[in-house]
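Have the chain open while you read.

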Amino acid sequence: MDIFLQYLIVFGVGGFVCLIAQILIIRTRMTSARILVLFELIGVLLQAVMLFDPIKEFAKSGITVPIIGFGASLARGAMEGVKKYGILGIFNGGLTATAAGIAAAVGFGYIFALIFRSHSKKS
């Protein structure tokens, strides 16, 4: 596949995910946190019904970089953990599969909190 076409697909799918989020922000009273959880659950659901991998084959990082990809990784890890450790593998597998992302989010969040002056959004 032509590299330019691949870039268009990746940015198109990633942009579409962001477009949906922006529409939800503008048209509903959903908070950013609820939209985040919704997209993560969409990723979990797509992985559970085995639709995430075909989408990932087509869209590459356009679907894996947004929070949908994190939800799919969490679900994939949980499913592998159950196969390996039984029912308690839900927790072990999910956290093992997403540990690097969680650690990076906490670490960078702390660094940016030290550098910038954070505050709550005013309505």
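Which residues in α1 meet I35, L38 and F39 in α2?

## Where α1 meets α2

The α1 side of this contact (heavy atoms within 4.5 Å) is made by V17, I20, A21, L24 and I25. The contact residues split into eight nonpolar, no polar and no charged; here Ala, Val, Leu, Ile, Met, Phe, Trp, Tyr, Cys and Pro count as nonpolar, Asp, Glu, Lys and Arg as charged, and the others, Gly among them, as polar.

As for geometry, helix α1 covers residues 3–27 and helix α2 residues 32–48, and their axes come within 10 Å, crossing at roughly 140°. That makes α1 oblique to α2 (angles under 35 degrees count as roughly parallel, over 145 as roughly antiparallel, 65 to 115 as roughly perpendicular and the rest as oblique).

## About the model

This is a predicted model, where local features need pLDDT of at least 70 and side-chain atom pairs count only at pLDDT 80 or more, while totals for chains, interfaces and linings use all residues. Residues are numbered from 1 along each chain as its sequence is written, and side-chain values use heavy atoms, leaving out hydrogens and water.

## Helix α5 and its cover

Look next at α5, residues 67–85. Its buried residues (under 20% relative accessible area) are I68, G69, G71, A72, A75, G77, A78 and G81. Their cover includes α1, α2, α3 (52–59), α4 (61–64) and α6 (89–115). Just past the end of α5, G86 takes a positive phi of about 90°.

## P54

P54 sits in helix α3. From P54 to Y85 is 31 residues in sequence and 27 Å in space, C-alpha to C-alpha.

Note on methods. Axes fitted to C-alpha atoms, helices over the stretch in contact; angles between N-to-C directions. Helix = DSSP H or I, 4+ residues; strand = E, 2+ residues; numbered from the N terminus. Expected span 1.5 Å × (residues − 1). Buried < 20%, exposed > 50% of the residue type's maximum accessible area, 1.4 Å probe, protein only.
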